[in-house]
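Please keep the structure in view while reading.

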Amino acid sequence: MSPGGTRPKDPCNARVPPPHRGVVSIREPDVEFGVHSSKVSGSTVVVEGRCLRGAVELGRTFVHMRRFLSPGAPEVAMALEVVSIQAYGNEFDRIEEGMTAALTLAGDVPTVIGEGWALIG
């Protein structure tokens, strides 16, 4: 007991709050790029298409893709980083929603990438 007659707090008996049981939300991807054509060369691929949502910038990594013309089709996991953006005859660091461009992507190139796929990241 302490001098005032009170018992010191034992840190081992501290009340631990219960684990959070709230709803877990999965954030919607903020970038979607629709592919109209592709050309694979080893561990890189050049895709031409349109930015459907958000903005694509250098360094962005696309983490999966899905068929945008076939709702309900399974998604394909991947990891492709944007290393170059060419649009309207110029190099860009970033393109906005609605712009068309050719993106050079590096990483694990899926065998099925091509027209009708949307890259999600």
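G34 has R50 in β2 as its bridge partner. The strands named here are DSSP runs of E with at least two residues, numbered from the N terminus, and two strands are said to pair if DSSP finds at least two bridges between them. β1 (32-41) and β2 (44-53) pair in the antiparallel sense over nine bridges. Two residues lie between the strands of this hairpin, where G42 takes a positive phi near 65°. β2 is also joined to β8 (100-108) by seven bridges, and these two strands run antiparallel. G49 stands opposite A101 in β8.

This is a predicted model, in which local features need pLDDT of at least 70 and side-chain atom pairs count only at pLDDT 80 or more, while totals for chains, interfaces and linings use all residues. Residues are numbered from 1 along each chain as its sequence is written, and side-chain values use heavy atoms, with hydrogens and water left out.

The largest nonpolar core has 23 residues, of which F33, V56, F62, I95, L103 and L119 touch the most other members. Such a core is a set of buried Ala, Val, Leu, Ile, Met, Phe, Trp, Tyr and Cys residues joined through side-chain atoms within 4.5 Å. At least two residues of this core come from each of β1, β2, β4, β5, β8 and β9 (117-120). With five residues, β5 gives the most to this core.

A118 lies in strand β9. A118 counts as buried because its relative accessible area is 0%; buried means under 20%, exposed over 50% and partly exposed in between, with a 1.4 Å probe and protein chains only. Leaving aside neighbours within four places in sequence, A118 is in contact (heavy atoms within 4.5 Å) with E32, F33, G34, H64, M65, R66 and F68. A118 and H64 are 54 residues apart along the chain, yet their C-alpha atoms are separated by 8.6 Å.

R60 lies in the loop between β3 (56-57) and β4. R60 is likewise buried, since its relative accessibility is 14%. Beyond its neighbours within four places in sequence, the contacts of R60 are D30, V31, A55, L80, E81, V82 and G121.

F68, one of the contacts of A118, is found in the loop between β4 (61-67) and β5 (76-87). With a relative accessible area of 30%, F68 is partly exposed.

Key. Helix = DSSP H or I, 4+ residues; strand = E, 2+ residues; numbered from the N terminus.
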